[in-house]
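Have the viewer open while you read.

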Amino acid sequence: MLATAEPANHRYERLLSQAIFAARGIADARQESISPAQLESSAILSGKNRSEKHKRMIRAISIAMLGFAIAMHAIPAKAQHREEQPLILATGEWEPFASLAYWAPFKSFGRAGDVVVHAFYAAGYTKAQLEFHSFGDAYDLARQGAAVAAFPYYRTAKRQDETVFSDPLMEIDEVLFYNKDDAPYLAQVTTFDELITALEEHGRDFRQSARFVKDYCYHEEVETVFGRDCVKEDARDLQTDIHAFQALQTDPNALIVPSARQVGERILKAWFDDSDRIGIIEGVSYPRGVFLLAQKGPQGEEIVARFNSGLKEIRSNGLYEELVTAPLPEESVPRDVQLTDPGTFPLIVASKEQNSDETLVLPRGTAARVVQWSQNFHAPERTTLREQLNQMSLVMIMDGPQRGELLWVKNVFIALD
């Protein structure tokens, strides 16, 4: 979804005002014209016997020019040349670090989103236009140069080869969530070796005990231990974080889900009534930095260099700390909808897989919560209205016979509650 942010920066505006004031002083002084007779006077040309009026004029010009120079010198060079075109930045829903849900009530794009927008602003870009995609698509847009940059991403060898990485945006605590009812013995685990041993002692295939999210690249040790390669398709990969946590509660073979701590905690609290069944293996955690990345090459390197300079500035002036500690809602912002048919048909058609021929039906008026809006809600497309209505969004059913299921429904069936 397109969203444009233009954060205020009072220091720059004050300095620009000083510069404008100084420039006006020069213009005002120059409005006091000197007659040809005065210019021809040897007294004026030699600087002797100047009238007080002319002396004041010269002083005004000198002071104004000095003030203008000081003000312009005080503004970093990057802030003197503001970009008029919006800066296209690609990201995905990863609450609380990046989320469109916060914009309307809080004028925030999440922790990482706010840091990125303000760092670019400090670097001289006045408008940041965020586009929300899947993280796989967002990465490809940045890698191909269709978006100026994408965030937030972990650093991997493949990504390092394909793109240019910024300085770290922030550090995130990645942990292992587990099913406390089915595997209480995992609570005391403190290393991956102990984790493997515990699972094997209880007759579990440790490689098949984990569930992941498609397009996510986890900590190197997690990928190695569970035999996963994030650049390859994996049968254990699910569509979204919510799918992964749903599997943790409903799939008897799923015992572990790696996730950023805050992301997992918010999902469990917002989407699942029986979230008390899920715990964190506190003995196994691994802090990781997340980054902004851009297309490999001179243009991407320039963008990242400018971003890094802006990031350094907001860290030094205290704005960064304000952004990452600003209050956000304790729970996810609901995206509640009602599924209804605009005509007279009494049933809603849905499917467990996107664009699947295998469908099921729901009663009209079924309550749902949007997990993932279709792409045409996020960005303009050259398609017909019929095509837009037939695109599909992912929802969690909140009542009725399919309560708790994650289903795909056509946009034509979705109405705001």
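Where is the place of Pro96? Pro96 falls in the loop between β2 and α6, where helices (H or I, at least four residues) and strands (E, at least two) are DSSP runs numbered from the N terminus. Before going further, some ground rules: this is a predicted model, with local features needing pLDDT of at least 70 and side-chain atom pairs counting only at pLDDT 80 or more, while totals for chains, interfaces and linings use all residues. Residues are numbered from 1 along each chain as its sequence is written, and side-chain values use heavy atoms, with hydrogens and water left out.

**The chain overall**

The chain has 16 helices and 17 strands. Of its 417 residues, 49% count as buried, meaning under 20% relative accessible area, with exposed over 50% and partly exposed in between (1.4 Å probe, protein chains only). Take the contacts (heavy atoms within 4.5 Å) between residues at least 6 apart in sequence: 72% of them join residues at least 24 apart.

Most residues other than glycine have a negative phi, and most peptide bonds are trans.

| Cis peptide bond | Omega |
|---|---|
| Glu95 and Pro96 | about 15° |
| Phe151 and Pro152 | about -15° |

Pro152 lies in strand β4. Then there's Asp215, which isn't glycine but has a positive phi near 75°. Asp215 is in the loop between β7 (212-213) and α11 (220-225), and is partly exposed, at 33% relative accessible area.

**Rings**

There are 14 aromatic pairs in the structure. Rings of Phe, Tyr and Trp (its six-membered ring) pair if their centres lie within 6.5 Å; planes under 30 degrees apart count as stacked, over 60 as edge-to-face and the rest as tilted. One of the pairs is Trp94 with Tyr154, edge-to-face at 6.3 Å centre to centre and 90° between the planes. That pair links distant parts of the chain, 60 residues apart: Trp94 is in the loop between β2 (87-91) and α6 (103-106), and Tyr154 in the loop between β4 (149-153) and α9 (157-162). Trp94 is buried, with a relative accessible area of 8%, and Tyr154 is buried too, at 9%. Ring pairs link both into a cluster whose members include Phe97, Phe135, Tyr139 and Phe226.

The cut-off is NZ of Lys or CZ of Arg within 6 Å of the ring centre and within 35 degrees of the ring normal. Arg315 does likewise over the face of Tyr320, at 4.0 Å from the ring centre.

Asp341 is found in the loop between β11 (336-339) and β12 (347-351). Asp341 is buried yet has no salt bridge, and the nearest side chain of opposite charge, Arg364, is 5.9 Å away. A salt bridge needs a side-chain nitrogen of Lys or Arg within 4 Å of a carboxyl oxygen of Asp or Glu; Lys and Arg count as positive and Asp and Glu as negative, with His and the chain ends not counted. Leaving aside neighbours within four places in sequence, Asp341 is in contact with Leu347, Ile348, Arg364 and Phe413.

Finally, have a look at helix α13 (residues 261-271): 8 of its 11 residues are buried, so the helix is largely enclosed by the rest of the structure. Among those buried residues are Arg261, Arg266 and Trp271. Their cover includes α12 (241-250), β9 (256-260) and β10 (278-295).
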